Amino acid sequence: MLTLDKIYQAAFVLKQVARKTDLIYAEKLSGDNDIYLKTENLQVTGSFKLRGAYYKISQLTEEQKAAGIIACSAGNHAQGVALASSHMGIKSVICMPDGAPISKVEATRALGAEVCLVPGAYDDAYAHACELEQQTHATFIHPFDDEDVIAGQATMGLEILDQLDELDAVVVPIGGGGLIAGVAYVIKMLRPEVKVYGVQAERAAAMFQSRREGRTITLDRVATFADGIAVRHPGELTFSLIEQYVDDIVTVTEDEIATAILALIEKQKLIAEGAGAVSVAAAMFGKLPVHGKRVVCLVSGGNIDVNILSRVITRGLTKSGRNATLQIALEDKPGQLEGVSRIIAQCGGNVVSVHHERTDASMPISGCYLRVGLETRDFAQIEEIKAALTEAGFRLIP
């Protein structure tokens with residue numbers, strides 16, 4: 001049984017390895033809401049997963065430690081297990097999906113673990129890890145559906161209550177459910193009036209759908225860049241705790257996650273991975289009844305691949321009206337491009353790319369298409385530029 005005593009013991013054990021991450025006020029991040037960020041992206045190994053992995057491994061017997069450790073992970077749990085096992089001198093083998101970000105794979109190896117890449121998603125890596133467990137008799141360290149792992153993650157709830165006296169709600173990312181199960185248990189045991197909300201990626205919403213059906217379900221597939229929460233089947237233990245202690249679960253889209261990552265970079269100078277930003281996305285896009293409330297959003301990790309980050313930033317800029325592409329039908333004669341750029345400049349836009357198309361069979365022989373990439377302030381400025389171009393006689397192509 002999960003108990004407060006076990007969680008307090010986990011907090012004591014973790015003092016020697018895990019940071020008590022800062023809780024920072026995020027002014028103007030989400031309208032009139034008072035948003036605070038629990039910055040687990042600044043945790044050792046870049047994610048909260050170290051908490052549960054380290055505490056679980058610390059509770060193994062000497063015989064179990066000698067037999068070694070097996071784990072499966074999309075990246076963050078892998079790094080937590082690798083660090084913990086290295087600290088304790090234990091051999092570890094980590095099964096990871098072959099699509100896991102290269103940065104997470106290399107970081108896991110650098111921490112001393114043997115990495116086994118498995119074709120497919122997290123659940124395929126899990127199945128292979130279970131096979132290895134049977135073959136080697138090593139101890140399997142589950143990433144979320146384990147009492148000791150949940151107790152380790154729950155220490156974050158103790159820290160939040162210690163760091164903020166007046167609190168209305170806590171918003172937590174969900175993959176398999178270990179983090180929110182532990183945090184919700186602590187919050188409801190010590191401050192039952194505080195709401196606990198979970199957030200999943202819309203395209204990996206196994207716990208969201210399980211909650212609605214009243215039983216754990218398995219998704220056919222998951223497709224999200226928030227790889228840290230891309231789980232097809234949630235935990236049975238975590239599901240039971242979530243049913244008991246979590247007030248509601250919502251989902252966010254890929255574009256909303258990208259916009260939240262961009263907002264954290266620009267407004268808070270924080271790097272979050274997709275899984276770590278879903279809580280902020282839910283608050284920013286009004287998915288939860290937290291208007292005017294004091295809300296803690298858990299930024300659960302910051303281990304995002306830099307190649308993905310560049311694409312996420314571009315998508316976030318587009319979805320927030322900071323980037324735009326306009327296609328304009330022109331007569332193919334001198335001065336047209338100059339006229340377009342002058343109008344854009346007068347409206348305060350900045351041209352960053354130009355493509356001139358004269359070979360499209362659908363256009364008039366004397367015509368051409370101009371595709372212009374812009375940097376803009378917001379959607380209002382984009383509409384201002386469109387209106388000015390239309391008023392000047394240019395025809396915009398939808």
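Colleague: Hi! What are the ground rules here?
Modeller: The model is predicted, so local features need pLDDT of at least 70 and side-chain atom pairs count only at pLDDT 80 or more, while totals for chains, interfaces and linings use all residues. Residues are numbered from 1 along each chain as its sequence is written, and side-chain values use heavy atoms, leaving out hydrogens and water.

Colleague: Thanks! How many aromatic pairs are there?
Modeller: The count comes to 3. Rings of Phe, Tyr and Trp (its six-membered ring) pair if their centres lie within 6.5 Å; planes under 30 degrees apart are stacked, over 60 edge-to-face, and the rest tilted. One of the pairs is Tyr 25 with Tyr 36, which is tilted, at 5.1 Å centre to centre and 50° between the planes.

Colleague: Nice. Is Tyr 36 buried or exposed?
Modeller: Tyr 36 counts as buried, at 12% relative accessibility. Tyr 25 is partly exposed, with a relative accessible area of 39%. Buried means under 20% relative accessible area, exposed over 50%, and partly exposed in between (1.4 Å probe, protein chains only).

Colleague: And why is the pair of Tyr 185 and Tyr 245 called edge-to-face?
Modeller: Their ring centres are 5.4 Å apart and the planes stand at 90°, so the pair is edge-to-face. Tyr 185 is buried at 9% relative accessibility, and Tyr 245 is buried too, at 14%.

Colleague: Switching to pockets: how do the residues lining the second largest pocket divide?
Modeller: That lining has 4 nonpolar, 1 polar and 6 charged residues. Here Ala, Val, Leu, Ile, Met, Phe, Trp, Tyr, Cys and Pro count as nonpolar, Asp, Glu, Lys and Arg as charged, and the others, Gly among them, as polar.
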